[in-house]
Amino acid sequence: MRSFVPVLALLLATPGFPAEQADGQARHDSLVTRLRALAPMASHWGPAWGAIYHAALPWYERWGGNPVHDVDDWMVPPETYADELASALEQGRNFLAENHGALIPLVFAAKLPDGRMVEANYWLTLPAGFPREGGSFPLVIGLHGSGWLGHKISFVRQARKDPAGGRAFTVTPIDEAGPWQVDFLNAYLDDLQRLLPVDPDRVYLEGHSLGAMATWEWALNNPERFAAISPRAGRGEPYRASRLRNVPAWVIHGERDETVFTGFSDQMVGALEACGGRVRYTVLPGVEHNMPDDLDEGQVVDWYLRQTRSHESVPADSRDHLGLGATGFSPWEIVSVPAAIGWKSDAVPRADRDASLLAVRRLFDHVHALGERVDAPVVMQLDPKTNQTRFWLPKPKSLHARPPDTTAAAIPATRALRFYFRGPTSDALAHLARVTSEAEAAGHHVRSDVWITPLSLWPDTPGYVAEYRVEVD
(Lines give C-alpha, C1' and ligand atoms only; values in the text may rest on other atoms or scores of the structure.)
Protein backbone atom coordinates (compact mmCIF):
# COMPACT_ATOMS: atom_id res chain seq x y z
CA MET A 1 0.00 0.00 0.00
CA ARG A 2 1.25 3.46 -0.90
CA SER A 3 2.42 5.67 1.97
CA PHE A 4 0.64 9.02 1.89
CA VAL A 5 2.37 10.80 4.78
CA PRO A 6 5.73 11.50 3.07
CA VAL A 7 3.95 12.86 0.00
CA LEU A 8 1.80 15.16 2.10
CA ALA A 9 4.76 16.28 4.19
CA LEU A 10 6.70 17.12 1.04
CA LEU A 11 3.79 19.17 -0.30
CA LEU A 12 3.39 21.05 2.96
CA ALA A 13 7.08 21.83 2.98
CA THR A 14 6.99 23.24 -0.56
CA PRO A 15 7.13 27.07 -0.51
CA GLY A 16 3.89 28.61 -1.70
CA PHE A 17 1.85 25.41 -1.49
CA PRO A 18 -1.67 26.59 -0.50
CA ALA A 19 -2.91 25.37 2.85
CA GLU A 20 -6.38 24.77 1.37
CA GLN A 21 -4.87 22.51 -1.30
CA ALA A 22 -2.87 20.67 1.36
CA ASP A 23 -6.06 20.11 3.37
CA GLY A 24 -7.75 18.78 0.23
CA GLN A 25 -4.84 16.41 -0.43
CA ALA A 26 -4.95 15.18 3.17
CA ARG A 27 -8.68 14.49 2.89
CA HIS A 28 -8.17 12.72 -0.43
CA ASP A 29 -5.42 10.51 1.00
CA SER A 30 -7.50 9.70 4.08
CA LEU A 31 -10.46 8.64 1.93
CA VAL A 32 -8.25 6.50 -0.30
CA THR A 33 -6.85 4.77 2.80
CA ARG A 34 -10.37 4.03 4.08
CA LEU A 35 -11.58 2.70 0.73
CA ARG A 36 -8.55 0.47 0.29
CA ALA A 37 -9.07 -0.96 3.77
CA LEU A 38 -12.69 -1.74 2.87
CA ALA A 39 -11.82 -3.77 -0.25
CA PRO A 40 -12.48 -7.11 1.57
CA MET A 41 -16.08 -5.95 2.10
CA ALA A 42 -16.67 -5.94 -1.67
CA SER A 43 -17.97 -9.52 -1.82
CA HIS A 44 -19.92 -9.38 1.44
CA TRP A 45 -23.27 -9.28 -0.42
CA GLY A 46 -22.45 -11.95 -2.97
CA PRO A 47 -20.52 -12.15 -6.25
CA ALA A 48 -22.91 -9.96 -8.27
CA TRP A 49 -22.43 -7.01 -5.93
CA GLY A 50 -18.80 -7.90 -5.37
CA ALA A 51 -17.88 -7.49 -9.02
CA ILE A 52 -19.38 -3.99 -9.08
CA TYR A 53 -17.75 -2.94 -5.81
CA HIS A 54 -14.35 -4.06 -7.12
CA ALA A 55 -14.77 -1.55 -9.96
CA ALA A 56 -16.36 1.11 -7.73
CA LEU A 57 -13.92 1.26 -4.82
CA PRO A 58 -10.82 2.28 -6.86
CA TRP A 59 -12.75 4.98 -8.72
CA TYR A 60 -12.19 7.76 -6.21
CA GLU A 61 -8.46 7.09 -5.95
CA ARG A 62 -7.97 7.29 -9.74
CA TRP A 63 -10.67 9.74 -10.83
CA GLY A 64 -12.03 11.54 -7.76
CA GLY A 65 -9.43 14.25 -7.53
CA ASN A 66 -9.54 17.70 -5.97
CA PRO A 67 -10.84 20.30 -5.27
CA VAL A 68 -14.16 19.37 -3.70
CA HIS A 69 -16.41 21.31 -6.11
CA ASP A 70 -14.90 20.23 -9.41
CA VAL A 71 -17.87 18.49 -11.02
CA ASP A 72 -21.21 19.64 -12.42
CA ASP A 73 -23.54 20.87 -9.71
CA TRP A 74 -26.03 18.06 -10.34
CA MET A 75 -23.37 15.52 -9.32
CA VAL A 76 -22.32 14.68 -5.77
CA PRO A 77 -18.79 16.02 -5.08
CA PRO A 78 -16.33 13.10 -5.25
CA GLU A 79 -15.16 13.56 -1.65
CA THR A 80 -18.75 13.51 -0.37
CA TYR A 81 -19.49 10.37 -2.37
CA ALA A 82 -16.30 8.61 -1.24
CA ASP A 83 -17.07 9.44 2.40
CA GLU A 84 -20.67 8.19 2.14
CA LEU A 85 -19.54 5.00 0.40
CA ALA A 86 -16.85 4.32 2.99
CA SER A 87 -19.15 5.11 5.94
CA ALA A 88 -21.85 2.76 4.66
CA LEU A 89 -19.41 -0.12 4.22
CA GLU A 90 -17.89 0.52 7.65
CA GLN A 91 -21.40 0.17 9.08
CA GLY A 92 -22.05 -3.04 7.11
CA ARG A 93 -24.54 -1.39 4.72
CA ASN A 94 -24.77 -2.07 1.00
CA PHE A 95 -24.49 1.51 -0.26
CA LEU A 96 -25.08 0.64 -3.93
CA ALA A 97 -28.20 -1.38 -3.13
CA GLU A 98 -29.52 1.58 -1.14
CA ASN A 99 -29.13 3.81 -4.20
CA HIS A 100 -30.91 2.00 -7.00
CA GLY A 101 -31.40 4.36 -9.92
CA ALA A 102 -28.14 6.19 -9.17
CA LEU A 103 -25.34 6.83 -11.64
CA ILE A 104 -22.43 4.89 -10.16
CA PRO A 105 -18.91 5.84 -11.32
CA LEU A 106 -16.70 2.81 -12.01
CA VAL A 107 -13.18 2.14 -13.27
CA PHE A 108 -12.31 0.24 -16.45
CA ALA A 109 -8.72 -0.81 -17.20
CA ALA A 110 -7.46 -3.24 -19.82
CA LYS A 111 -4.51 -4.21 -21.98
CA LEU A 112 -5.40 -3.91 -25.67
CA PRO A 113 -4.25 -6.36 -28.37
CA ASP A 114 -1.48 -3.96 -29.45
CA GLY A 115 -0.07 -3.96 -25.90
CA ARG A 116 -1.40 -0.54 -24.85
CA MET A 117 -2.84 -0.17 -21.36
CA VAL A 118 -6.00 1.92 -21.23
CA GLU A 119 -7.96 3.31 -18.30
CA ALA A 120 -11.34 5.01 -18.32
CA ASN A 121 -14.16 5.74 -15.96
CA TYR A 122 -17.84 5.32 -16.69
CA TRP A 123 -21.32 5.54 -15.26
CA LEU A 124 -23.45 2.49 -14.54
CA THR A 125 -27.16 2.42 -13.75
CA LEU A 126 -28.53 -0.85 -12.38
CA PRO A 127 -31.79 -2.40 -13.56
CA ALA A 128 -34.70 -3.03 -11.22
CA GLY A 129 -34.54 -6.48 -9.68
CA PHE A 130 -30.74 -6.65 -9.73
CA PRO A 131 -29.30 -9.05 -8.75
CA ARG A 132 -31.56 -11.83 -9.91
CA GLU A 133 -30.55 -15.42 -9.22
CA GLY A 134 -29.50 -16.98 -12.50
CA GLY A 135 -30.96 -14.07 -14.46
CA SER A 136 -29.42 -11.69 -16.96
CA PHE A 137 -30.42 -8.22 -18.12
CA PRO A 138 -30.21 -6.20 -21.35
CA LEU A 139 -27.42 -3.64 -21.71
CA VAL A 140 -27.62 -0.18 -23.32
CA ILE A 141 -24.28 1.49 -24.11
CA GLY A 142 -24.38 5.25 -24.73
CA LEU A 143 -21.39 6.96 -26.39
CA HIS A 144 -21.10 10.71 -25.82
CA GLY A 145 -20.11 13.43 -28.25
CA SER A 146 -16.94 15.52 -28.36
CA GLY A 147 -18.30 18.04 -25.84
CA TRP A 148 -17.87 15.41 -23.12
CA LEU A 149 -14.31 14.32 -23.95
CA GLY A 150 -12.50 13.96 -20.62
CA HIS A 151 -15.53 15.34 -18.78
CA LYS A 152 -15.33 15.10 -14.99
CA ILE A 153 -18.00 12.82 -13.54
CA SER A 154 -19.02 11.69 -10.07
CA PHE A 155 -21.81 9.88 -8.28
CA VAL A 156 -25.37 10.99 -9.07
CA ARG A 157 -28.00 9.96 -6.53
CA GLN A 158 -30.76 9.57 -9.07
CA ALA A 159 -30.33 9.62 -12.83
CA ARG A 160 -32.11 12.68 -14.15
CA LYS A 161 -33.44 10.60 -17.02
CA ASP A 162 -33.16 6.82 -17.22
CA PRO A 163 -34.60 5.95 -20.64
CA ALA A 164 -34.37 2.25 -19.81
CA GLY A 165 -36.74 2.78 -16.89
CA GLY A 166 -34.95 0.14 -14.83
CA ARG A 167 -35.28 -2.47 -17.59
CA ALA A 168 -31.60 -2.70 -18.49
CA PHE A 169 -28.06 -1.92 -17.41
CA THR A 170 -27.13 1.45 -18.89
CA VAL A 171 -23.52 2.56 -19.15
CA THR A 172 -21.83 5.75 -20.32
CA PRO A 173 -18.05 5.47 -20.79
CA ILE A 174 -16.08 8.71 -20.68
CA ASP A 175 -13.66 9.05 -23.58
CA GLU A 176 -10.52 10.86 -22.47
CA ALA A 177 -9.23 11.81 -25.92
CA GLY A 178 -11.33 10.97 -29.00
CA PRO A 179 -12.19 9.83 -31.58
CA TRP A 180 -13.44 6.64 -30.00
CA GLN A 181 -11.23 3.62 -30.73
CA VAL A 182 -12.92 0.34 -31.66
CA ASP A 183 -10.29 -1.82 -29.95
CA PHE A 184 -10.87 0.11 -26.71
CA LEU A 185 -14.65 -0.26 -27.06
CA ASN A 186 -14.42 -4.01 -27.66
CA ALA A 187 -12.25 -4.42 -24.58
CA TYR A 188 -14.73 -2.31 -22.61
CA LEU A 189 -17.70 -4.46 -23.67
CA ASP A 190 -15.70 -7.59 -22.84
CA ASP A 191 -15.15 -6.20 -19.35
CA LEU A 192 -18.82 -5.31 -18.91
CA GLN A 193 -19.86 -8.82 -19.88
CA ARG A 194 -17.38 -10.21 -17.36
CA LEU A 195 -18.50 -7.82 -14.64
CA LEU A 196 -22.28 -7.87 -15.13
CA PRO A 197 -24.91 -10.53 -15.87
CA VAL A 198 -25.53 -9.17 -19.38
CA ASP A 199 -27.76 -10.98 -21.86
CA PRO A 200 -25.45 -11.24 -24.91
CA ASP A 201 -28.46 -11.34 -27.23
CA ARG A 202 -29.73 -7.98 -25.96
CA VAL A 203 -26.83 -5.54 -26.16
CA TYR A 204 -27.84 -2.17 -27.65
CA LEU A 205 -25.59 0.66 -28.79
CA GLU A 206 -26.33 4.34 -29.24
CA GLY A 207 -24.36 7.55 -29.50
CA HIS A 208 -24.57 11.23 -30.34
CA SER A 209 -22.32 13.15 -32.76
CA LEU A 210 -18.79 11.79 -32.19
CA GLY A 211 -20.51 8.96 -30.33
CA ALA A 212 -22.82 8.35 -33.31
CA MET A 213 -19.81 8.02 -35.60
CA ALA A 214 -18.35 5.51 -33.16
CA THR A 215 -21.71 3.71 -33.04
CA TRP A 216 -21.63 3.27 -36.82
CA GLU A 217 -17.94 2.32 -36.86
CA TRP A 218 -18.10 -0.15 -33.97
CA ALA A 219 -21.24 -1.83 -35.30
CA LEU A 220 -19.76 -2.04 -38.81
CA ASN A 221 -16.62 -3.66 -37.43
CA ASN A 222 -18.42 -5.98 -34.99
CA PRO A 223 -22.08 -6.39 -36.00
CA GLU A 224 -22.17 -9.76 -34.26
CA ARG A 225 -22.07 -8.02 -30.87
CA PHE A 226 -25.26 -5.97 -31.11
CA ALA A 227 -29.01 -6.55 -31.21
CA ALA A 228 -29.78 -3.00 -32.41
CA ILE A 229 -28.19 0.45 -32.71
CA SER A 230 -29.37 4.07 -32.65
CA PRO A 231 -26.89 6.65 -34.04
CA ARG A 232 -27.93 10.28 -33.52
CA ALA A 233 -26.52 13.22 -35.49
CA GLY A 234 -23.60 11.29 -36.93
CA ARG A 235 -22.09 9.99 -40.14
CA GLY A 236 -20.95 6.53 -41.11
CA GLU A 237 -19.42 4.50 -43.92
CA PRO A 238 -22.17 3.73 -46.46
CA TYR A 239 -19.98 1.51 -48.65
CA ARG A 240 -19.84 -1.01 -45.78
CA ALA A 241 -23.56 -0.85 -44.94
CA SER A 242 -24.24 -4.48 -45.91
CA ARG A 243 -22.39 -5.47 -42.74
CA LEU A 244 -25.44 -4.23 -40.81
CA ARG A 245 -28.05 -6.06 -42.82
CA ASN A 246 -28.92 -8.13 -39.72
CA VAL A 247 -28.62 -5.31 -37.15
CA PRO A 248 -31.72 -3.08 -36.88
CA ALA A 249 -30.92 0.63 -36.75
CA TRP A 250 -32.98 3.61 -35.62
CA VAL A 251 -31.24 6.68 -37.04
CA ILE A 252 -32.12 10.08 -35.53
CA HIS A 253 -30.98 13.48 -36.78
CA GLY A 254 -31.94 17.12 -36.34
CA GLU A 255 -33.32 18.77 -39.47
CA ARG A 256 -31.27 21.94 -38.92
CA ASP A 257 -28.01 20.37 -37.77
CA GLU A 258 -25.19 22.68 -38.88
CA THR A 259 -22.46 20.60 -37.20
CA VAL A 260 -23.04 17.18 -38.78
CA PHE A 261 -25.37 17.61 -41.73
CA THR A 262 -28.50 15.48 -42.01
CA GLY A 263 -27.37 14.39 -45.47
CA PHE A 264 -24.78 12.13 -43.86
CA SER A 265 -27.51 10.17 -42.09
CA ASP A 266 -29.45 10.10 -45.38
CA GLN A 267 -26.50 8.33 -46.98
CA MET A 268 -26.35 5.61 -44.32
CA VAL A 269 -30.11 5.08 -44.31
CA GLY A 270 -30.20 4.78 -48.10
CA ALA A 271 -27.31 2.32 -48.10
CA LEU A 272 -28.99 0.19 -45.43
CA GLU A 273 -32.27 0.17 -47.32
CA ALA A 274 -30.48 -0.78 -50.54
CA CYS A 275 -28.92 -3.87 -48.94
CA GLY A 276 -32.12 -5.02 -47.25
CA GLY A 277 -31.32 -3.75 -43.78
CA ARG A 278 -33.99 -2.92 -41.21
CA VAL A 279 -33.77 0.79 -40.56
CA ARG A 280 -36.00 3.47 -39.03
CA TYR A 281 -35.22 7.11 -39.76
CA THR A 282 -36.42 10.06 -37.71
CA VAL A 283 -35.57 13.60 -38.81
CA LEU A 284 -36.54 15.96 -36.00
CA PRO A 285 -38.17 19.14 -37.42
CA GLY A 286 -36.45 22.37 -36.45
CA VAL A 287 -33.86 20.59 -34.26
CA GLU A 288 -30.20 21.55 -34.46
CA HIS A 289 -27.21 19.39 -33.50
CA ASN A 290 -28.00 18.50 -29.89
CA MET A 291 -30.86 16.14 -29.20
CA PRO A 292 -33.83 17.93 -27.58
CA ASP A 293 -34.59 17.34 -23.90
CA ASP A 294 -38.02 16.00 -24.78
CA LEU A 295 -36.71 13.30 -27.11
CA ASP A 296 -38.71 10.17 -26.23
CA GLU A 297 -35.82 7.93 -25.22
CA GLY A 298 -38.22 5.49 -23.61
CA GLN A 299 -39.77 4.83 -27.02
CA VAL A 300 -36.35 3.96 -28.39
CA VAL A 301 -35.71 1.56 -25.50
CA ASP A 302 -39.12 -0.02 -26.08
CA TRP A 303 -37.97 -0.65 -29.66
CA TYR A 304 -34.58 -1.95 -28.49
CA LEU A 305 -36.17 -4.52 -26.24
CA ARG A 306 -38.16 -5.93 -29.15
CA GLN A 307 -34.89 -6.72 -30.97
CA THR A 308 -32.58 -9.65 -30.30
CA ARG A 309 -29.16 -10.36 -31.71
CA SER A 310 -29.06 -12.14 -35.05
CA HIS A 311 -27.14 -15.40 -35.21
CA GLU A 312 -26.91 -15.38 -39.00
CA SER A 313 -23.46 -15.19 -40.54
CA VAL A 314 -22.04 -11.68 -40.77
CA PRO A 315 -22.00 -10.30 -44.33
CA ALA A 316 -18.60 -9.78 -45.92
CA ASP A 317 -16.90 -6.44 -45.42
CA SER A 318 -16.60 -4.35 -48.60
CA ARG A 319 -13.41 -2.87 -47.19
CA ASP A 320 -11.75 -6.27 -47.48
CA HIS A 321 -12.34 -6.26 -51.25
CA LEU A 322 -10.59 -2.98 -52.03
CA GLY A 323 -7.24 -4.71 -52.47
CA LEU A 324 -5.42 -2.59 -49.90
CA GLY A 325 -1.96 -4.03 -49.42
CA ALA A 326 0.48 -3.78 -46.55
CA THR A 327 1.37 -0.23 -47.63
CA GLY A 328 -2.30 0.77 -47.68
CA PHE A 329 -2.50 1.04 -51.49
CA SER A 330 -4.44 -1.11 -53.90
CA PRO A 331 -2.90 -1.80 -57.34
CA TRP A 332 -3.85 0.88 -59.86
CA GLU A 333 -6.13 -0.09 -62.73
CA ILE A 334 -7.91 1.48 -65.68
CA VAL A 335 -11.69 1.47 -65.22
CA SER A 336 -14.74 2.78 -67.05
CA VAL A 337 -16.65 5.46 -65.15
CA PRO A 338 -20.31 5.81 -66.22
CA ALA A 339 -21.89 9.16 -66.98
CA ALA A 340 -23.66 10.90 -64.13
CA ILE A 341 -25.81 13.93 -63.42
CA GLY A 342 -25.41 15.99 -60.28
CA TRP A 343 -24.77 19.32 -58.70
CA LYS A 344 -21.38 20.92 -58.18
CA SER A 345 -20.13 23.54 -55.78
CA ASP A 346 -18.02 26.58 -56.50
CA ALA A 347 -14.28 26.04 -56.24
CA VAL A 348 -12.88 26.51 -52.72
CA PRO A 349 -9.31 26.31 -51.36
CA ARG A 350 -8.56 22.74 -50.35
CA ALA A 351 -7.18 23.86 -46.99
CA ASP A 352 -10.26 25.95 -46.12
CA ARG A 353 -12.26 23.49 -44.02
CA ASP A 354 -15.11 25.90 -43.27
CA ALA A 355 -15.60 26.77 -46.95
CA SER A 356 -15.56 23.07 -47.84
CA LEU A 357 -18.20 22.26 -45.22
CA LEU A 358 -20.39 25.12 -46.45
CA ALA A 359 -20.09 23.83 -50.03
CA VAL A 360 -21.17 20.33 -48.98
CA ARG A 361 -24.04 21.67 -46.89
CA ARG A 362 -25.39 23.66 -49.84
CA LEU A 363 -25.40 20.52 -52.00
CA PHE A 364 -27.31 18.62 -49.32
CA ASP A 365 -29.72 21.54 -48.90
CA HIS A 366 -30.48 21.47 -52.62
CA VAL A 367 -31.53 17.82 -52.44
CA HIS A 368 -33.61 18.38 -49.30
CA ALA A 369 -35.33 21.41 -50.88
CA LEU A 370 -36.55 19.02 -53.59
CA GLY A 371 -38.08 16.83 -50.88
CA GLU A 372 -35.60 13.99 -51.35
CA ARG A 373 -32.80 12.31 -49.42
CA VAL A 374 -29.11 12.19 -50.28
CA ASP A 375 -28.29 8.70 -51.51
CA ALA A 376 -24.72 8.95 -52.81
CA PRO A 377 -21.33 10.08 -51.52
CA VAL A 378 -19.99 13.56 -52.13
CA VAL A 379 -17.06 13.45 -54.58
CA MET A 380 -14.19 15.94 -54.42
CA GLN A 381 -12.62 17.22 -57.65
CA LEU A 382 -9.13 18.49 -56.81
CA ASP A 383 -7.04 20.62 -59.15
CA PRO A 384 -3.47 19.98 -57.93
CA LYS A 385 -2.15 23.03 -59.83
CA THR A 386 -4.33 25.52 -57.95
CA ASN A 387 -5.10 23.36 -54.89
CA GLN A 388 -8.76 24.26 -55.42
CA THR A 389 -11.56 21.76 -54.79
CA ARG A 390 -15.07 21.40 -56.13
CA PHE A 391 -17.62 19.09 -54.58
CA TRP A 392 -20.07 17.02 -56.62
CA LEU A 393 -23.24 15.35 -55.41
CA PRO A 394 -24.93 12.87 -57.76
CA LYS A 395 -28.64 13.33 -58.37
CA PRO A 396 -30.69 11.01 -56.11
CA LYS A 397 -32.14 7.99 -57.86
CA SER A 398 -35.61 9.07 -56.73
CA LEU A 399 -35.30 12.15 -58.98
CA HIS A 400 -34.32 10.33 -62.16
CA ALA A 401 -37.91 10.08 -63.38
CA ARG A 402 -38.53 13.80 -62.97
CA PRO A 403 -37.92 16.36 -65.72
CA PRO A 404 -34.28 17.45 -65.99
CA ASP A 405 -33.12 19.94 -63.37
CA THR A 406 -31.53 22.90 -65.08
CA THR A 407 -29.24 23.47 -62.10
CA ALA A 408 -27.68 20.02 -62.45
CA ALA A 409 -24.57 19.37 -64.50
CA ALA A 410 -23.73 16.33 -66.61
CA ILE A 411 -20.56 14.37 -65.94
CA PRO A 412 -19.68 12.47 -69.14
CA ALA A 413 -18.61 8.85 -69.13
CA THR A 414 -14.86 8.46 -69.09
CA ARG A 415 -11.97 6.12 -68.46
CA ALA A 416 -9.83 6.61 -65.39
CA LEU A 417 -6.81 5.39 -63.51
CA ARG A 418 -8.09 4.29 -60.11
CA PHE A 419 -6.68 3.06 -56.84
CA TYR A 420 -7.79 2.90 -53.21
CA PHE A 421 -5.69 4.01 -50.27
CA ARG A 422 -5.83 3.88 -46.47
CA GLY A 423 -4.01 6.87 -45.02
CA PRO A 424 -3.59 10.66 -45.38
CA THR A 425 -4.58 12.27 -48.68
CA SER A 426 -1.13 13.84 -49.07
CA ASP A 427 0.42 10.34 -49.18
CA ALA A 428 -2.13 9.27 -51.79
CA LEU A 429 -1.30 12.27 -54.00
CA ALA A 430 2.42 11.53 -53.73
CA HIS A 431 1.70 7.92 -54.73
CA LEU A 432 -0.41 9.14 -57.66
CA ALA A 433 2.56 11.12 -58.98
CA ARG A 434 4.59 7.90 -58.99
CA VAL A 435 2.00 5.66 -60.65
CA THR A 436 1.20 8.31 -63.27
CA SER A 437 4.55 7.62 -64.89
CA GLU A 438 3.73 3.92 -64.96
CA ALA A 439 0.40 4.64 -66.64
CA GLU A 440 2.03 6.99 -69.15
CA ALA A 441 4.59 4.31 -69.98
CA ALA A 442 1.68 1.92 -70.60
CA GLY A 443 0.25 4.33 -73.18
CA HIS A 444 -2.31 6.21 -71.07
CA HIS A 445 -2.35 9.99 -71.09
CA VAL A 446 -3.23 11.07 -67.55
CA ARG A 447 -5.08 14.35 -66.95
CA SER A 448 -4.45 16.56 -63.96
CA ASP A 449 -7.64 16.72 -61.88
CA VAL A 450 -7.97 14.15 -59.10
CA TRP A 451 -11.42 12.81 -58.14
CA ILE A 452 -11.55 11.67 -54.52
CA THR A 453 -14.46 9.74 -53.03
CA PRO A 454 -14.19 9.45 -49.23
CA LEU A 455 -15.23 6.01 -48.02
CA SER A 456 -14.52 6.24 -44.29
CA LEU A 457 -14.39 8.67 -41.38
CA TRP A 458 -11.60 10.91 -40.11
CA PRO A 459 -9.91 12.45 -43.21
CA ASP A 460 -6.14 12.55 -43.33
CA THR A 461 -5.65 10.00 -40.56
CA PRO A 462 -3.83 6.65 -40.86
CA GLY A 463 -7.16 4.81 -41.07
CA TYR A 464 -8.81 7.06 -43.67
CA VAL A 465 -9.95 5.15 -46.78
CA ALA A 466 -10.80 6.82 -50.09
CA GLU A 467 -11.01 6.12 -53.82
CA TYR A 468 -8.70 8.17 -56.05
CA ARG A 469 -9.28 8.61 -59.80
CA VAL A 470 -7.70 10.59 -62.61
CA GLU A 471 -9.14 10.63 -66.10
CA VAL A 472 -7.08 9.11 -68.90
CA ASP A 473 -7.27 9.44 -72.69
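A: N387 counts as partly exposed because its relative accessibility is 35%, where partly exposed covers the range between buried (under 20% relative accessible area) and exposed (over 50%), with a 1.4 Å probe and protein chains only. The model is predicted, so local features need pLDDT of at least 70 and side-chain atom pairs count only at pLDDT 80 or more, while totals for chains, interfaces and linings use all residues. Residues are numbered from 1 along each chain as its sequence is written, and side-chain values use heavy atoms, with hydrogens and water left out.

N387 sits in the loop that runs between β12 (379-383) and β13 (388-394); strands are DSSP runs of E with at least two residues, helices are runs of H or I with at least four, and both are numbered from the N terminus. Although N387 is not a glycine, its phi is positive, at about 60°. For background, most residues other than glycine have a negative phi, and most peptide bonds are trans.

W458 belongs to the loop between β16 (450-454) and β17 (465-472), and with a relative accessible area of 25% W458 is partly exposed.

The peptide bond from F130 to P131 is cis, with omega near -10°, and P131 lies in the loop between β2 (117-125) and β3 (137-143). The bond from G178 to P179 is cis as well, with omega near -5°, and P179 is placed in the loop between β4 (169-173) and α7.

Helix α7 is mostly covered, with 10 of its 14 residues buried, among them F184, Y188 and D191.

As for the whole protein chain, its secondary structure comes to 12 helices and 17 strands, and 51% of its 473 residues count as buried. Of the contacts with a separation of 6 or more, 73% join residues 24 or more positions apart, a contact being heavy atoms within 4.5 Å. The C-alpha atoms fill a box of roughly 80 × 55 × 40 Å, taken along the principal axes.
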